[in-house]
Amino acid sequence: MRMRTLRHLSYIGTTIFLASTPFFAACTGTIADGDDPGGETTTGGGTAGGDSGGIDNGPPDVCIPGIPMTTQLPRLLNRQYDNTVRDLLGVTGVGADNKPPSEMLVDDSDGPMDPTAWQFYQDAAAEIAKAVMSGPNKSKFISCDPAAAGCLEQTIKTFGRKAFRRPLTEAEVARFLKLGQTTPAGTPEEVAETTLLAFLVSPSFLMLPELTTTQDPSGKGIQLSSHEVATRLSYLLWGSVPDDMLNAAADSNALQTKEQILAQAQRMIAVREKTGPLVTAFHRNWAQMDNGNAHWWKMDHDTETYPLYSDDAKNSWKAELDAFFEDVAFENGSFKDLLLSNVAFVNKDNAAIYGLDPSAYGTELTKVELDANERPGFLTRVGFLSSYAGFRATSPILRGAFISVYLLGVNPGPPIPGATMMTVEGEFKTERARVEALTKPAACAGCHAIINPPGFVMEGFDGVGQLQTTDPLGGPIDASVTTNTIDFGDGNVKEISSPAQLMQEIAQVQKAKQLYAQAWISYAFGRAPNGKDKCVVDMLDTKLSESGYSILNLMADLTQADSFRVRVPETQ
């Protein structure tokens with residue numbers, strides 16, 4: 001009887017609630033006429049902390065002053081949904097298999113919410129509400145007796161402030177209170193659970209609305225409210241709801257100037273356990289680990305050729321790179337340290353590959369320092385070297401293409417048809433000799449004159465990332481193999497003979513810094529490269545060349561762009 005009553009309450013109650021919510025029509029991708037305080041419907045843009053963009057899309061050539069258009073109603077990304085439910089309600093898993101709530105949802109999308117997606121949000125909300133009201137985290141939603149006078153109203157105001165990232169209006173409070181006025185009436189506990197469910201399916205929870213209409217004093221566009229800025233800050237840096245300090249600043253309207261925003265951003269960035277996930281997620285994106293067409297983690301290796309290889313170790317190799325990127329950032333490292341740091345994270349799975357005693361390590365990763373001349377930066381870590389290699393050999397082509405395209409910003413064009421099936425006859429003592437013969441035909445030579453040289457420099461690492469002095473084909477790996485002339489762009493052509501020398505040069509390449517800055521802009525704001533963001537890219541690019549300018553400094557400076565606190569209508 002309880003479940004029937006509760007389902008009736010949930011259906012009738014949430015229907016009443018949502019039907020009276022001003023911008024519920026936005027769930028289908030539009031804003032009803034007269035309901036949008038801004039009098040406009042915008043599309044495009046993205047969600048702070050989004051997954052759009054990538055370093056294969058370089059910045060445009062010219063800065064165009066202005067503010068890029070952004071959507072007024074971005075939806076929470078699935079990872080943000082999980083983080084938000086965790087931080088608000090302490091729920092990290094639902095259902096019999098205790099899976100993350102977002103696994104009940106459709107994949108992230110910028111398009112309209114279709115009936116299937118909407119149903120999945122309702123199903124997830126019901127599971128979360130049930131888990132909260134029947135579990136140890138009930139007080140995170142309601143800390144008083146729901147039958148007591150005023151309890152539910154106070155809960156609506158208190159929890160609603162956190163869930164909606166702003167104070168509720170009197171009309172919203174009244175709508176939530178109507179959930180206890182349905183027929184048949186539910187018990188106080190059932191009404192409380194239905195109220196929580198209604199919060200979890202509300203557009204103000206599932207979306208990050210920006211509906212303020214106040215003009216920016218500079219005339220550049222519409223000034224976001226302090227509550228909207230707080231939401232942008234929190235979902236950019238933490239991927240979740242604002243904390244009490246940020247909420248207090250928003251309630252005091254103290255997030256209107258660049259200085260106020262910067263102070264909060266710097267405070268939040270310093271909370272490593274909350275900002276660390278952004279650092280690792282961004283660098284996976286920058287390094288193309290999220291690119292389904294890239295070679296990360298796809299290659300297995302012949303254990304007779306490479307006895308230290310184990311397919312089971314890939315997860316720890318992934319974890320090492322995550323730890324590396326986070327450590328570089330939070331140890332006040334800069335862009336160049338991504339390419340030059342000798343820090344590594346070692347366990348029993350990769351110790352021997354790094355020349356260390358695996359018996360001295362367990363399953364947990366331990367921070368160590370390797371030889372800086374041998375192991376500079378993430379491109380000399382096992383994860384990259386083993387992913388960009390063949391089954392029984394290294395792959396100078398894969399390694400060189402990655403460096404050329406994603407770090408130096410060179411576009412050699414697509415391979416000729418059938419390139420991956422090409423073979424070459426002959427006896428070769430080194431992989432370099434074989435690749436040079438393979439790519440010698442005129443149809444290949446032009447592109448591979450760009451791609452091959454950086455890959456040849458990396459031939460001192462075998463197919464799983466161990467140092468090698470003898471090629472599996474029998475020849476020595478010496479200067480004749482690893483020395484190459486490389487064009488770094490802008491007339492900078494140098495003879496390079498070691499990975500350390502190669503990484504030092506890449507760390508100074510302006511194009512590499514531009515690509516890194518553009519990748520941050522695209523990832524943080526969910527926007528493809530465009531002329532208006534190019535102005536911010538130029539600012540970050542300049543700062544990346546300054547001594548002492550850290551990755552954390554760059555993250556704080558993302559919040560200093562005019563586009564972070566001002567939006568423009570679609571027609572502007």
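In which sense do strand β4 and strand β5 pair, and over how many bridges?

Author: Happy to. Please keep in mind that this is a predicted model. Strand β4 covers residues 484-487 and strand β5 covers residues 493-496; the two pair in the antiparallel sense, over four bridges.

Now follow the chain into the turn. β4 and β5 form a hairpin, and five residues sit between them. Glycine 489 is in this turn and has a positive phi of about 95°. Aspartate 490 is also found in the loop between β4 and β5, and its phi is positive too, about 55°, although aspartate 490 is not a glycine. That deserves a second look, as most residues other than glycine have a negative phi. Is aspartate 490 buried or exposed? Its relative accessible area is 80%, and exposed means over 50%, so aspartate 490 counts as exposed.

For a contrast, turn to arginine 165, in the loop between α5 (151-163) and α6. Arginine 165 is another residue other than glycine with a positive phi, near 60°. Its relative accessibility, however, is 3%, and because buried means under 20%, arginine 165 counts as buried.

Definitions and conventions:
Residues numbered from 1 in each chain as written. Predicted model: local features only at pLDDT ≥ 70, side-chain atom pairs only at ≥ 80, totals over all residues. Heavy atoms only, no water. Pairing = 2+ DSSP bridges. Buried < 20%, exposed > 50% of the residue type's maximum accessible area, 1.4 Å probe, protein only.
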